[in-house]
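Student: I have this one open on my screen and would like to walk through it with you. Can we start with how the elements are named and then go from there?

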Amino acid sequence: MLIVMQSQASEDKIQKVIDFIKQRGFDAHISRGEDHTVIGCVGRKIIDKRDIELLDGVKEVIRITSPYKLVSRVFKPDDTIIEVNGVKFGGTHIGMIAGPCSVETYEQMDVTAEKLYKSGVRILRGGAFKPRTSPYAFQGLGEEGLKILRKVADKYNMAFTSEVMEVNQIPMFLKYVDILQVGARNMQNFNLLKSLGEVRKPIMLKRGLSATIEEWLMSAEYIMSGGNREVILCERGIRTFENMTRNTLDISAIPVVQKISHLPVIVDPSHATGLRDKVAPMSKAAVAAGADGLVIEVHNNPECALCDGAQSLYPEEFAELFKDLKALAAVVKKTF
Ligand code: PEP
Ligand code: MN
């Protein structure tokens with residue numbers, strides 16, 4: 001249930017409404033818009049909506065039939081803009097994240113980061129704990145990888161994101177990372193999502209391999225209902241009958257989600273296609289469709305990459321693409 005307060009409702013009136021619903025066993029989530037404050041009333045108990053409508057300062061009470069509340073534009077009509085290291089995702093801003101699939105060595109990260117920095121990137125990516133299909137494939141450097149990422153990111157004044165796979169890794173991640181990534185395979189790891197709700201750093205939530213948009217938004221709802229408002233949704237391709245590409249990039253998910261939700265939607269064209277030569281066209285398509293950001297795999301020496309070399313761009317190729325994307329962004333009235 002959403003409680004829309006009258007414009008100009010005083011803090012005192014807002015607090016009384018919050019106290020009223022809390023006393024009845026509900027959680028209150030507050031969204032302060034330009035005109036109205038909206039209180040999300042979340043819980044399983046039963047409450048008569050007329051009792052709330054009668055409270056001082058309440059404009060209207062809306063029952064939400066859709067399963068997601070806090071991620072919905074009804075709860076927060078304005079776009080959520082998430083800023084990390086001066087890079088913004090959402091609204092008219094497109095954020096760029098780039099880097100290798102996995103951290104392999106300090107030198108590899110250093111060379112790649114230096115080149116990416118020169119092409120204008122301010123947020124790196126790199127996996128330290130890798131969810132690999134085969135247990136015999138490279139599993140990542142673990143905490144050592146996070147340390148390398150932090151060291152390199154600090155050297156170039158960059159931020160970085162890396163994938164957290166388990167609840168018990170969260171404290172370690174909080175020591176190093178700027179954005180915690182939830183991978184496609186963990187999109188419905190509800191214990192992980194609940195714990196990330198308590199974190200006060202942005203979460204990049206990738207869409208599950210075969211997840212519907214509603215399931216994806218419900219996973220974001222898990223994080224938000226724990227109190228963390230900074231969720232970046234990442235479309236990374238879904239599994240379809242088509243096997244010419246690694247996955248099928250669901251471009252229409254961008255405007256579909258943006259209509260329902262205020263959260264930024266970014267695109268990962270690398271895992272979506274699995275093929276280097278498809279990354280540039282899909283990145284352009286994502287920007288043209290209104291994406292709020294991109295996360296692109298770039299490796300200084302893709303032929304020797306321990307993971308996902310075939311979909312990783314050469315740094316020079318990436319630099320060219322980034323220039324084109326900036327020009328394209330102007331057409332959709334956005335900026336990187
Ligand atoms: C990744 O970004 O490193 C990754 C494994 O992606 P996904 O979870 O989308 O497969
Ligand atoms: Mn990868």
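Predicted model: local features only at pLDDT ≥ 70, side-chain atom pairs only at ≥ 80, totals over all residues.

Tutor: Helices (H or I, at least four residues) and strands (E, at least two) are DSSP runs, numbered from the N terminus.

Student: Okay, and is Val-256 buried, exposed or partly exposed?

Tutor: Val-256 counts as partly exposed, because its relative accessibility is 37% and the partly exposed class lies between under 20% for buried and over 50% for exposed.

Student: Switching to the metal: what coordinates the manganese ion (ligand 2)?

Tutor: The manganese ion (ligand 2) is coordinated by Cys-101 through SG, His-271 through NE2, Glu-297 through OE and Asp-308 through OD, at 2.0 to 2.4 Å. Along the chain, these donors follow the spacing C-x169-H-x25-E-x10-D.

Student: Where do His-271 and Asp-308 lie?

Tutor: His-271 lies in helix H9 (residues 269-273), whereas Asp-308 is in the loop between strand E14 (293-297) and H11, so the pair ties together parts that are 37 residues apart in sequence.

Student: And are His-271 and Asp-308 buried or exposed?

Tutor: His-271 counts as buried at 8% relative accessibility, and Asp-308 is buried as well, with a relative accessible area of 18%.

Student: What about Ser-270, what does it touch?

Tutor: Ser-270 lies in helix H9 and counts as buried, at 0% relative accessibility. Not counting residues up to four places away in sequence, Ser-270 touches Leu-275, Val-279, Val-295, Ile-296, Glu-297 and Gln-311.

Student: Now helix packing. At what angle do H10 and H11 pack?

Tutor: Helix H10 (residues 276-288) and helix H11 (residues 315-331) pack at an angle of about 20°, with their axes 9 Å apart. The two are therefore roughly parallel to each other, and H10 passes H11 in a right-handed crossing.

Student: Which residues make that contact of H10 and H11?

Tutor: From H10 the contact uses Arg-276, Ala-280, Ser-283, Lys-284, Val-287 and Ala-288, and from H11 it uses Glu-317, Leu-321, Asp-324, Leu-325, Leu-328 and Ala-329. Sorted by class, the contact of H10 with H11 has seven nonpolar, one polar and four charged residues.

Student: How do H6 and H7 cross, then?

Tutor: The axes of helix H6 (residues 190-197) and helix H7 (residues 213-225) come within 6 Å and cross at roughly 40°, and H6 and H7 are therefore oblique to each other. Phe-190, Leu-193, Lys-194, Leu-196 and Gly-197 of H6 meet Ser-219, Tyr-222 and Ile-223 of H7, and these residues divide into five nonpolar, two polar and one charged.

Student: Last one: Met-224, buried or exposed?

Tutor: Met-224, which is in helix H7, is buried, with a relative accessible area of 1%. Leaving aside neighbours within four places in sequence, Met-224 is in contact with His-29, Leu-70, Val-71, Arg-229, Val-231, His-262 and Leu-263. Met-224 and Leu-209, by contrast, are 15 residues apart in sequence and 22 Å apart in space, C-alpha to C-alpha.

Definitions and conventions
Residues numbered from 1 in each chain as written. Chains lettered and ligands numbered in written order. Heavy atoms only, no water. Axes fitted to C-alpha atoms, helices over the stretch in contact; angles between N-to-C directions. Parallel < 35°, antiparallel > 145°, perpendicular 65-115°, else oblique. Left-handed = near helix turned anticlockwise from the far one by under 90°. Contact = heavy atoms within 4.5 Å. Nonpolar A, V, L, I, M, F, W, Y, C, P; charged D, E, K, R; others polar. Donors = N, O, S within 2.8 Å, 3.2 Å for Na, K, Ca; no water. Buried < 20%, exposed > 50% of the residue type's maximum accessible area, 1.4 Å probe, protein only.
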